[in-house]
Amino acid sequence: MTTDDTPKIRPNSKDLNVEGNLQQDFSGLTIGVLALQGAVAEHVQCVERCGGRALAVRRGGLLADVDGLIIPGGESTTIGRLSNLFGFREEIRELAAAGKPVLGTCAGAILLARTVQGQDPIIPLMNITIVRNAFGRQRESFETDLTIPVLGMEPYCGVFIRAPLITGVGEGVDVLASFGEGIVFAREKNLLAVAFHPELTEDLRLHRYFMGMALEYRKSKVESQKSKVES
Amino acid sequence: MVDRGTFRVKKGMAEMQKGGVIMDVTNPEQARIAESAGAVAVMALERVPADIRAVGGVARMADPEMILSIMEAVTIPVMAKCRIGHFAEAQVLEALAVDYIDESEVLTPADEKYHINKHQFTVPFVCGARDLGEALRRIGEGAAMIRTKGEPGTGNVVEAVRHLRVVMEQIRAVLNAPAEELMTLSKQFGAPYELILEVRKLGRLPVVNFAAGGIATPADAALMMLLGADGVFVGSGIFKSADPLKRAKAIVEATLHYDNPEVVARVSRGLGEAMPGIDMAVLTDADRMQIRGV
């Protein structure tokens with residue numbers, strides 16, 4: 001193969017003028033991507049482009065060694081059924097309880113919600129209420145520029161595909177971005193729920209923000225171990 | 001500003017289906033069975049391909065009444081087929097708000113020369129292809145998803161394998177050729193040059209590619225995934241079999257765990273009769289749906 005047109009991945013110019021915490025070195029991190037169904041490869045690529053290692057997880061028992069977990073978009077009905085089937089619920093619950101960050105995008109956000117309108121919750125971890133297909137069928141899917149202060153001043157392109165909408169948040173949940181009347185990006189401690197698809201754009205800021213949380217978790221872990229040793 | 005129907009949104013919809021199974025259904029009850037089995041979408045049609053073969057005559061877009069009743073029955077996306085080149089049927093399907101339109105050779109073509117200009121629609125399209133050129137021509141016309149054609153309604157996976165093999169082989173040819181040979185490859189394949197460059201840059205088709213046409217067993221589904229498909233369509237294979245729910249679940253699991261033979265073995269046990277199959281040798285050219293609209 002000739003080298004003249006080999007694709008090269010360059011950092012997005014948009015990344016250059018955001019806060020320092022989005023530009024950290026993520027090379028020591030391993031991020032799990034729940035690979036049951038949906039946009040798995042895209043999230044894996046984003047993690048790798050941020051400098052981390054991605055682990056596509058399709059079987060139980062592999063989540064112990066990851067520093068964070070991404071639950072990608074896909075068909076929420078299907079993913080919910082499958083995660084039940086393959087015993088992921090407990091593992092994800094434990095991972096979140098340990099303080100490791102979890103990012104749920106689109107269907108992944110539905111999986112994490114404590115209240116899902118019109119159906120039973122799937123892995124109720126986040127104190128949010130979510131409505132599936134809130135914008136209607138596929139022909140209503142859209143992209144739009146969002147203002148997300150934690151990601152910097154540049155607008156962020158939100159790709160909404162048969163997207164859900166967070167209609168209510170409980171105590172301890174921060175709203176990181178909204179669109180119209182609804183919430184499209186929320187954080188509760190180590191958990192992130194995103195209604196759109198950050199993995200379908202070239203903009204890596206949201207993944208960097210998430211990986212920054214994983215790095216923080218790592219540091220706190222190291223420090224608590226140190227203090228244990230000292231005492 | 002809100003942009004609907006951008007290519008990213010259309011293509012992204014197909015990305016969300018990856019690793020999944022899309023099942024042909026002909027009524028709300030079958031749609032519910034498909035959904036509970038874990039299908040990522042259903043294809044609403046009047047008859048499954050095996051019955052279209054049996055009945056003969058002209059196969060058209062399904063009755064909107066039936067499509068709407070299926071859309072009401074399930075929360076997963078609903079796809080529907082229009083005839084090749086029949087953009088009025090496609091407009092009807094868009095007006096019904098189906099989630100994806102399949103411009104399909106399973107129905108009798110309405111235009112033997114031209115396909116639909118799919119860029120004009122807000123709803124995304126999936127189209128069939130038997131080789132890289134056909135796939136890239138459809139993408140050039142605006143298709144946001146490709147399915148290798150296979151031979152629908154036969155329960156025989158041989159054509160599905162042939163078409164996916166050809167697509168993969170030709171992608172490898174594009175990746176391995178020196179830059180000066182690409183224009184000639186584009187001419188040979190009958191593919192738009194810009195899209196050949198795109199394939200070379202990405203190392204794969206620019207859109208999601210599912211396998212279709214003859215998949216009848218969990219092992220068939222696993223085979224197509226191992227050959228490089230992003231997911232599978234199962235048409236007649238489920239509701240023409242002895243135990244549709246059990247088979248549908250088994251094919252979903254086999255598609256997910258395609259690289260784990262133990263799972264495929266476990267789910268393949270005791271499924272009952274598969275659909276009756278047809279040997280390709282008995283099909284005349286007139287019986288071959290795959291050669292329509294190329």
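The legends below describe close-up views of a predicted model.

**View 1. The largest nonpolar core and the residues around B:Val232.** The largest nonpolar core holds 83 residues, and those that touch the most other members are A:Ile92, B:Met23, B:Ile67, B:Leu93, B:Met224 and B:Val232. In soluble globular proteins, nonpolar side chains tend to be buried together.

**View 2. The salt bridge between A:Arg218 and A:Asp67.** The side chains of these two residues, A:Arg218 and A:Asp67, meet at 3.2 Å, N to O. Because A:Arg218 belongs to helix H5 (residues 205-230) of chain A, while A:Asp67 sits in the loop between strand S2 (53-57) and strand S3 (68-71) of chain A, the pair ties together parts that are 151 residues apart in sequence. A:Arg218 is partly exposed, with a relative accessible area of 36%, whereas A:Asp67 is buried, at 6%.

**View 3. The salt bridge between B:Asp51 and B:Lys240.** In this pair, the closest N and O atoms of B:Asp51 and B:Lys240 are 2.9 Å apart. B:Asp51 lies in helix H3 (residues 49-55) of chain B and B:Lys240 in the loop between helix H11 (236-239) and helix H12 (244-256) of chain B, so the bridge joins parts that are 189 residues apart in sequence.

**View 4. A network of salt bridges.** The residues linked in this network are A:Glu75, A:Arg137, A:Arg162 and B:Asp99.

Key. Residues numbered from 1 in each chain as written. Chains lettered and ligands numbered in written order. Predicted model: local features only at pLDDT ≥ 70, side-chain atom pairs only at ≥ 80, totals over all residues. Heavy atoms only, no water. Core = buried A, V, L, I, M, F, W, Y, C linked by side-chain atoms within 4.5 Å. Buried < 20%, exposed > 50% of the residue type's maximum accessible area, 1.4 Å probe, protein only. Contact = heavy atoms within 4.5 Å. Salt bridge = Lys/Arg side-chain N within 4 Å of Asp/Glu carboxyl O. Helix = DSSP H or I, 4+ residues; strand = E, 2+ residues; numbered from the N terminus.
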